[in-house]
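Reader: I am new to this structure and would like to go through it piece by piece. Please show it to me before we start.

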Amino acid sequence: MTALDDVRDRAVDLGFAAGWRLVRAMPESAARGLFRTAADVGLRRDGRGARQLRRNLRRVVGPLMPEVELTDLVRAGLRSYARYWQEAFRLPSMDKKDVAARFDLDGIDVMDKSIAAGQGVVLVLPHMGNWDVAGLWLIEHGVPFTTVVERLKPDSLFRRFVAYREAIGMEILPLTGGAGLTSTVLAERLAAGGCVCLVGDRDLSSRGVDVEFFGETARMPAGPAMLAARTGAALHPVGLWNDGPDWAGRVGGAVTLPEGSLTASVRAGTQRIADEFAVSIAAHPADWHMLQRLWVSDLRAGTDEAAGR
């Protein structure tokens with residue numbers, strides 16, 4: 001790491017630390033207005049993330065939506081993403097029971113039935129709505145869980161996010177090069193009848209599964225279906241979205257994994273997860289915070305761009 005990288009990382013860490021302090025101290029309306037303005041600035045600047053969000057949402061809504069309406073949807077999507085960060089900064093100082101009371105989750109009985117069976121439960125969700133609020137609700141509901149988080153840079157910022165989520169009550173495992181160790185720990189939690197929550201719409205490895213998603217091939221992580229197949233845990237896709245000033249979500253029924261080879265079972269399970277995600281995203285496209293490449297054609301274009309081709 002160069003001296004410039006070190007300075008940049010330190011600035012990023014200090015910026016987030018200041019955000020957690022200052023945004024928490026602001027009146028909620030002022031904080032909401034600040035992040036909403038930041039989202040609108042991001043739309044006008046039309047940076048890489050905003051452009052990718054537009055491409056992703058075009059696939060969701062199809063070719064018939066006029067560009068002006070798509071722009072309005074991208075604006076709403078960036079505002080929803082900004083809202084997530086505003087709430088992340090403020091959540092540590094919010095009343096947990098009040099937050100949980102404002103979260104409406106459909107399908108509680110389906111989830112509770114799987115949990116009561118004691119077989120272990122994997123909840124898999126897309127980058128959608130506010131997953132920290134959903135996690136807080138789950139803990140207040142009496143279901144502690146384990147999750148995996150991507151290791152951020154600098155390491156001090158990563159530790160802040162781990163501490164933030166652990167303060168909510170989550171057990172956090174870092175996603176590192178030792179993925180086998182992480183999987184072993186998750187399998188142990190499931191074997192003991194525990195709950196594991198995983199974000200499952202963006203593959204961060206080179207071992208993802210190609211799925212049909214809004215009429216085109218996308219790549220999603222194999223981990224959720226792999227864990228369920230290996231441990232016998234119930235696998236439930238979850239959709240999340242904003243509901244006015246509050247939050248809502250839906251737990252889907254348990255995904256049935258077909259018998260046969262592990263590879264075939266994981267591929268089929270991941271496709272069924274993608275199908276469930278598509279239902280929630282199509283219903284609430286503005287709350288899907290996917291500002292990165294997901295579809296294979298975009299991933300290949302990015303590789304070509306990076307290689308200078």
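Predicted model: local features only at pLDDT ≥ 70, side-chain atom pairs only at ≥ 80, totals over all residues.

Reader: What percentage of the residues count as buried?

Author: Buried means under 20% relative accessible area, exposed means over 50%, and partly exposed lies in between (1.4 Å probe, protein chains only). Of the 309 residues of the protein, the part that counts as buried is 44%.

Reader: Among contacts between residues at least 6 apart in sequence, what percentage join residues at least 24 apart?

Author: Contact means heavy atoms within 4.5 Å. Among the contacts in question, those joining residues at least 24 apart make up 75%.

Reader: How are α2 and α4 oriented to each other?

Author: Axes are lines fitted to C-alpha atoms, for helices over the stretch in contact, and angles run from 0 to 180 degrees between N-to-C directions. The axes of α2 (residues 28–45) and α4 (residues 67–90) come within 8 Å and cross at roughly 140 degrees. Angles under 35 degrees count as roughly parallel, over 145 as roughly antiparallel, 65 to 115 as roughly perpendicular and the rest as oblique. The two helices α2 and α4 are therefore oblique.

Reader: Which residues of α2 and α4 meet, and how do they divide by class?

Author: On the α2 side the contact has E28, A31, R32, F35, R36, A39, D40, G42 and L43, and on the α4 side T71, V74, R75, L78, R79, A82, W85, Q86, F89 and R90.

Reader: What is the hand of the crossing of α3 and α4?

Author: Helix α3 (residues 48–61) packs on α4 at an angle of about 120 degrees, with the axes 10 Å apart. A crossing is left-handed if the near helix is turned anticlockwise from the far one by less than a right angle, and right-handed if clockwise. The crossing of α3 and α4 is right-handed.

Reader: How are α10 and α11 oriented to each other?

Author: The axes of α10 (residues 223–231) and α11 (residues 262–283) come within 8 Å. They cross at roughly 130 degrees. Helices α10 and α11 are therefore oblique.

Reader: How many disulfides does a search of the whole structure find?

Author: A disulfide is a pair of cysteine sulfur atoms within 2.5 Å. For C195, the nearest cysteine sulfur is that of C197, 4.1 Å away, and C195 is in no disulfide. C197 is in no disulfide either. The number found in the whole structure is zero.

Reader: Are C195 and C197 buried or exposed?

Author: C195 has a relative accessible area of 4% and counts as buried. With a relative accessible area of 10%, C197 is also buried.

Reader: Where is D46, and what is its phi?

Author: D46 sits in the loop between α2 and α3. It is partly exposed, with a relative accessible area of 36%. Its phi is positive in a residue other than glycine, near 55 degrees.

Reader: Which residues does V162 contact, leaving aside neighbours within four places in sequence?

Author: V162 is found in helix α8 (residues 155–168). At 15% relative accessibility, V162 counts as buried. Beyond those neighbours, V162 is in contact with V149 and I172.

Methods:
Residues numbered from 1 in each chain as written. Heavy atoms only, no water. Helix = DSSP H or I, 4+ residues; strand = E, 2+ residues; numbered from the N terminus.
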